[in-house]
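Hello,

Here is the structure for your files. My notes follow below it.

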Amino acid sequence: MTFTFVTLFSNLVEGYFNDSILQRAIEKNLFCVKYLNPRDFSLNKHSKVDDTAVGGGAGMVMNPQPLFDALDSLKKEDENVYIVFLTPVAKPFVQNDAKRLSNKSHIAFVSGRYEGIDERVIEKYADEVFSIGDYILTGGELASLVICDAVSRNIDGVLGNSDSLTIESFESSLLEAPSFSKPKCYEGLNVPSEYLKGNHSRIRSLKLALSECKTKFFRPEQLKKHNI
Ligand code: ADE
């Protein structure tokens, strides 16, 4: 699988893949990461990529030309590339999207900076558009990293233990039960005693009850999906 980050600021993205699980996955050739800078496609003599908004409004908008040319070159290289735009004005990205997108062969994330991207680029090239939440970031790079991280851990082999994919939060609409590590007692705080007794069916039902409690408290709307 290939992820291409279409961004003016690849430095903001690169560091994330230089350590930990995703670095190991790249070393094992489970996926690769590429970068494409729209500025390299600008026909402006100063390599400008943005301009004031037509019709007025605050801030600068990314011009269509550099992005049209960058995305055409990407599609010419790989006609199966799946192009995802990041903007706060879109449907929210959820865990099911992460699973679904992990089956693509090539995803390109297009990040806007400034006040956004000329809508004609999105209209022409977007296979899908996502927001990662109801707040405004300074650009789409963090949002594309969030999505890339969530997608890539669903690629076979990226996580050591694929069980961890099936029992985690949002796989069943319930939030995951609390986890504990050793020691069993730390600074007078104990792990729930049922977790220590080794009766796995009792541990499972306790975890389900704790999951329901957490979900009811933090995300009550999720319980409706679970019919509780
Ligand atoms: N760009 C700026 N804010 C964003 C958000 N919340 N989600 C996705 N892309 C963005």
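**Around Ser-102**

Apart from neighbours within four places in sequence, Ser-102 contacts Met-1, Val-151, Asn-154 and Ile-155. Bear in mind that this is a predicted model. Ser-102 sits in the loop that runs between α4 (95-101) and β6 (106-111). Its relative accessible area is 13%, so Ser-102 counts as buried.

**Domains**

The protein chain splits into domain 1 (2-152) and domain 2 (169-227). Taken over C-alpha atoms, the centres of domain 1 and domain 2 are 36 Å apart.

**Ligand**

- Ile-132, at 3.0 Å
- Gly-133, at 3.1 Å
- Leu-137, at 3.0 Å

Alone, the ligand exposes 260 Å², and the protein buries 96% of that.

**Cysteines**

How many disulfides are there? The count is zero. A disulfide needs two cysteine sulfur atoms within 2.5 Å. For Cys-148, the closest cysteine sulfur is in Cys-32, 11 Å away, which is too far for a bond. Cys-148 is buried, at 0% relative accessibility. Cys-213, by contrast, is exposed, with a relative accessible area of 51%.

Best wishes

Conventions: Residues are numbered from 1 along each chain as its sequence is written. This is a predicted model: local features need pLDDT of at least 70, side-chain atom pairs count only at pLDDT 80 or more; totals for chains, interfaces and linings use all residues. Side-chain values use heavy atoms; hydrogens and water are left out. Domain bounds come from an automatic or database domain assignment. Buried means under 20% relative accessible area, exposed over 50%, partly exposed in between (1.4 Å probe, protein chains only). Helices (H or I, at least four residues) and strands (E, at least two) are DSSP runs, numbered from the N terminus. Contact means heavy atoms within 4.5 Å. A polar contact is a pair of N or O atoms within 3.5 Å; within protein, one must be able to donate a hydrogen and the other to accept it, and residues adjacent in sequence count only if both atoms are side-chain atoms. Accessible areas come from the Shrake-Rupley method with a 1.4 Å probe; for residues, only the protein chains shown count as cover.
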